[in-house]
Amino acid sequence: MYIAVFIQPFPWSFYTASVFIGIAAAVLWTAQGNCLTINSDEHTIGRNSGIFWALLQSSLFFGNLYIYFAWQGKTQISESDRRTVFIALTVISLVGTVLFFLIRKPDAENVLGDDESSDDQDLEVNESAQNNMTKAVDAFKKSLKLCVTKEMLLLSITTAYTGLELTFFSGVYGTCIGAINKFGTEEKSLIGLSGIFIGIGEILGGSLFGLLSKNNRFGRNPVVLLGILVHFIAFYLIFLNMPGDAPIAPIEGTDSSAYITPSKEVAIFCSFLLGLGDSCFNTQLLSILGFLYSEDSAPAFAVFKFVQSICAAVAFFYSNYLLLHWQLLVMVIFGFLGTVSFFTVEWEAAAIVARGSDYRSI
């Protein structure tokens, strides 16, 4: 519905659909996380998280690739161009929704074991008789209790960072590129090219970490460490390459310079680094949440999406007022704290697994 609104947008329909997409996104992310968890075990959760993330972010690559070539050289986007894009996106969304109904439900014995399958069937019969509202209230209470646990509080710092950098690479950074007049006539098309390279970084990261997770004997920490190092390099290059007033520049753009002459190549390279670093954090967060809360993952993923969305909204708010270097500083601080907190949870998870199973296969 949200995408279809753009076919013929009106202010009232746009704001109404925005509210509904926020509610739907929370439900959808919780359901996707739960589906990922129940169809995985401790040996496959890392691989499946990587594959899921690569497929999810492929839209960044293909969508921006189409826009880059279809709208290249255009200074005005016509009504027919806009409608063509959003009609196509609406159809794709409907097809994706239908495909959700084809996702398999895992066999009870694959999840709990043969000796527990009969008990599970009895439990399903009892649960089917419960009121749906009661189950929703119970899930909400579990989420509240989960919020104050040590592991979730620590992971919330990492999740908060992913919300801040999500806003930066999906909204702020493209605005900065488009506002730099020294990029010449290509400044607008560079926004689409930036999205393409963010998508390449996301897909490469998700695919790589998914394939390597089976043979990773060091757990998730090295991937998160790689992610924060990649992001710190990107932030430093952006600080050198982009003028500070780029996020809040007027519609005419800015002629200011940073510490070096603005370079299109550096800007696009930073896009790739932002996507790669984001995939490092999100794949490992999905993996550790699915591992720690495998028996009841829905509340965990609900808290994950809640914290991420709140921080993304906060970042969108301050991005209209803060200069670029202050926004980068906020992400550096949260990135460092989020990495340390993730390491702490991962070390505890490693200690738990060391007493029960082979941690190298997680």
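The legends below describe close-up views of a predicted model. Residues are numbered from 1 along each chain as its sequence is written, and side-chain values rest on heavy atoms, with hydrogens and water left out. Because the model is predicted, local features need pLDDT of at least 70 and side-chain atom pairs count only at pLDDT 80 or more, whereas totals for chains, interfaces and linings use all residues.

**View 1. The aromatic pair of Phe-239 and Tyr-259.** Rings of Phe, Tyr and Trp (its six-membered ring) pair if their centres lie within 6.5 Å, and planes under 30 degrees apart count as stacked, over 60 as edge-to-face and the rest as tilted. By this rule there are seven aromatic pairs. Phe-239 and Tyr-259 form a tilted one, with 5.0 Å from centre to centre and 35 degrees between the planes. This pair links distant parts of the chain, 20 residues apart, since Phe-239 lies in helix 10 (residues 221–241) and Tyr-259 in the loop between helix 10 and helix 11 (264–292); helices here are DSSP runs (H or I, at least four residues), numbered from the N terminus.

**View 2. An aromatic cluster.** Phe-168, Tyr-173 and Phe-235 together make up one aromatic cluster.

**View 3. Helix 2, residues 11–38.** At 1.5 Å a residue, the 28 residues of helix 2 should span 40 Å, which agrees with its end C-alpha atoms being 40 Å apart; the expected span is 1.5 Å times one less than the number of residues.

How values were computed. Helices (H or I, at least four residues) and strands (E, at least two) are DSSP runs, numbered from the N terminus.
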